[in-house]
Amino acid sequence: MDNIGIVFSITLMYATPLIFAALGGIISERSGVTNIGIEGMMTIGAFAGAAVGYFTANPWIGFACAAAAGGALSALHAIACVKFHANQIISGVALNLIGLGVSLFLSRLLFDGVTQTLPVPNKLPKLVENGPGGLNLDSTVLVVLIFIIGVWFFLYKSRGGLRLIAVGEHPAAADTLGVNVFRVRFLAVIVSGLFAGMGGAARTLAVVSSFSPIVISGHGYIALAAVIFGRWNPVGASLACLLFGFAQSLVVVLGGGDIAIPSQILAMLPYILTIVVLVLLRGKTNAPKASGIPYIKGQR
Amino acid sequence: MDATYAVEMKSISKYFGGFCALDNVDLCVQKGEIHAILGENGAGKTTLMNILYGFYEADSGEVWTNGQKREIKTPKDAISLGIGMVHQHFMLVETYTVLQNIILGDEHIKGPGVIDYKKAKAEIKKLAEDYHFNIDLDAKIQDITVGMQQRVEIIKALYRGADILILDEPTSVLTPQEIEELIDIMHNMVQNVKTIIIITHKLAEIMKSADTCTVIRRGKNIDKVAVANTCEKDLAELMVGRAVEFTVEKQECRRGSALLQIDGLVVEDDRKIKKVDGLSLELFEGEILGIAGVDGNGQKELFEAVTSLRKAKSGSIRIDGQDIQNTSPRKTFEAGISVIPEDRQKSGLVLDFTIAENMVLEKVQNAPFSKHGILDWKVIRQNADKLTKEYDVRPDGSAGMRAGALSGGNQQKAIIAREISNDGRVLVAVQPTRGLDVGAIEFVHNAILSERDKGKGVLLISLELDEVLKLSDRVAVIYNGRIVNIIDAKDADEKRIGLLMAGGEGA
């Protein structure tokens, strides 16, 4: 029972970066653009956050630059998919490779030829440190909470959200009412990159303190699974992310315990959970109808 | 300047690649009139209206509204000029409420970007009352009827201040009662000084609703007539370019032995409600058995069970004594059932495939279309060239075109060509002329009759009572999932069948 605070802390620690990325995924998918490149955008955000955080000694500047880096990478996706109707999966896969490649390249350039950045002098501040029951909370938890509410409000209460979801469901309908489908999708993809970038930095500036090639390993994909599991709803997806974070915390807690489970098996837990959850979620998911389909005016 | 015209389109031409969709077409619509644009499928009616609504740009020609030349490049331009359009395939977001669909793109806001639903609701309620629309603004589009959805589309245009309303094939999805109501709505709107342009190929509705009619054939102006001075037959001739027979010539029915036998069939829908409940019927060689009934009385589930698209709960379906219920669509096809499905775009064709590919969908695994799993494109293409010629699937060279690029009538002809060429023993036709013009309907009806004359059994499931009465040798009335009566065609009249369809006894 002493572990509750620790489990809670670790769950949130792991879930927070995922939630950032999942929010990005929701925005993009809801506009009708599949963004499988979230992983690459997280990676470049993780690197940009750590590198800028190291050189400026200000983690918040690093955090902002991470968002910008993710946004810049996603702009490529927007140009390819929205403007030139490219296949969204292929573009996304390419971005994942580019995101990692650029990060490693810049890392070697700036950090004496190694693919690992030096630890940042200042991590993002903690909200709670060594609280009761071993409770530790990062400030990113608060930031992401604000964003969850913000995205929810945007999607369901605002004019922009009404148009965004319409574009993802029935772009021709939105088009006939004078909504600029291309602009909405373009912006949505870029915003999804901003979120993914922040998600990456939430790992390198709050969870750990430096970038390494494995700091983002499948987190983007787990976030996308959470988007589906959470039915493209920011609250649902966040809960899904918490579930994955919880699985991760079990890895930590059980790994340190007396029960003899091979650590490799434990480490697989969150990923296995992802697959199990998606299998259980078969049948009707209310995915945005036009997701993944380029909008070409006047095509029957 | 002549401001008596709400819309003038002058010498409009439009090309799609090398195909000329519109060739110097003119259109003059007076203020406050109901103006019909009549033409066959693919004549260019919708293209012309899409140009007026800013969806396409004309390659040449001018558009004037209210006496001034306009540049309409996007729907937004059209909306700001007071033009609204109700598309044939509704432009509605299914997961949204009626209210959300109406305000989309033109939302009232309070504070930064926050939608003021309350204000919008009050405004639309008033609008709906002005036009006597009875509509639940909070219902989701996916839960309301097609007729209601159409009203949503009309309110959408009115909410944006449309004075000129374009209705693209507005009646093709409506029941007869809904059509009456729509015509009332149209008259009501004209009294409120709106101008209406209605695209249609249904002559009866033009006669009932329109003041003036512009006829287009194959992208060219044919005539402009005052409806009061014309009749259905003349209009049909103008549209098709030849005399059209409204009645079909039927040979005597030579009924053979029983072909398809359905016994005590029970089928449930997705919500586990019994839609077909102990249905029995027999279809003989060389006859057309028409199933008449109001939509939703089990026609869809009956069709799906016969074609093995849906599992039957109990009962049997036999062809020549061989059980085929709950097998697979492939097995029923091999047993000799050919199908003209209700929705040609969803289940009849793969829209992204070419016509040639679509023509062999069911038999591509067989010689000569493929050998050892390798497709023989030459044979597939020849097959399609032959069929498209034989069944007049336009335009020329349609075999190599994307199915989705063809007009509805030609898509339907392609399906009929394919199904008849399958040479099955039973033809199941569901709403085979839905949304088709008189020329195409005549074609489809003759094709179905000639199948019957070849000794095939035809099961005709249609919501158009006229069609059932015209073609069938026997009429089976379906009500609540059962056949309530089977009547010989010569004893069947609209009144008696109508009574049975409504569940009335003793007819």
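Student: How do the axes of helix 1 and helix 5 of chain A cross?

Tutor: Keep in mind that this is a predicted model. The axes of helix 1 (residues 4–30) and helix 5 (residues 139–157) of chain A come within 10 Å, and they cross at roughly 25 degrees. Angles under 35 degrees count as roughly parallel, so helix 1 of chain A is roughly parallel to helix 5 of chain A.

Student: And is that crossing left-handed or right-handed?

Tutor: Helix 1 of chain A makes a left-handed crossing with helix 5 of chain A.

Student: Which residues make the contact?

Tutor: From helix 1 of chain A, they include A:Leu12, A:Thr16, A:Phe20 and A:Arg30. From helix 5 of chain A, A:Thr140, A:Phe147 and A:Leu155 are among them. By class, this contact of helix 1 with helix 5 of chain A has 12 nonpolar, 2 polar and 1 charged residues.

Student: OK, now helix 2 and helix 4 of chain A. How do their axes cross?

Tutor: Helix 2 (residues 38–56) and helix 4 (residues 88–110) of chain A have axes that come within 6 Å and cross at roughly 20 degrees. That angle is why helix 2 of chain A is roughly parallel to helix 4 of chain A. The crossing of helix 2 and helix 4 of chain A is left-handed.

Student: What does each helix bring to the contact?

Tutor: Helix 2 of chain A brings residues including A:Glu39, A:Gly40 and A:Phe47, while helix 4 of chain A brings, among them, A:Asn96, A:Gly99 and A:Leu110. The residues in this contact of helix 2 with helix 4 of chain A divide into 11 nonpolar, 6 polar and 1 charged.

Student: Switching topic: which residues touch the most other members of the largest nonpolar core?

Tutor: That core has 226 residues, and A:Ala22, A:Ala226 and B:Leu52 touch the most other members. Its largest share, 15 residues, comes from helix 8 (residues 181–207) of chain A.

Student: What does B:Leu52 touch?

Tutor: Leaving out residues up to four places away in sequence, B:Leu52 touches B:Val7, B:Met9, B:Val63, B:Ile72, B:Ala78, B:Ile83 and B:Ile166.

Student: How many residues of chain B are in contact with chain A?

Tutor: 23 residues of chain B contact 19 residues of chain A. On chain B's side, the elements giving two or more residues are helix 2 (75–80) and strand 8 (114–115) of chain B. Helix 2 of chain B gives the largest share, 3 residues. By class, the side of chain B that touches chain A has 13 nonpolar, 6 polar and 4 charged residues.

Student: Is A:Ala57 buried or exposed?

Tutor: A:Ala57 has 12 other C-beta atoms within 10 Å. A residue is exposed if that count is 12 or fewer, so A:Ala57 is exposed.

Conventions: Residues numbered from 1 in each chain as written. Chains lettered and ligands numbered in written order. Predicted model: local features only at pLDDT ≥ 70, side-chain atom pairs only at ≥ 80, totals over all residues. Core = buried A, V, L, I, M, F, W, Y, C linked by C-beta atoms within 7 Å. Buried ≥ 20, exposed ≤ 12 C-beta atoms within 10 Å, placed from the backbone. Helix = DSSP H or I, 4+ residues; strand = E, 2+ residues; numbered from the N terminus. Contact = placed C-beta atoms within 7 Å. Nonpolar A, V, L, I, M, F, W, Y, C, P; charged D, E, K, R; others polar. Axes fitted to C-alpha atoms, helices over the stretch in contact; angles between N-to-C directions. Parallel < 35°, antiparallel > 145°, perpendicular 65-115°, else oblique. Left-handed = near helix turned anticlockwise from the far one by under 90°.
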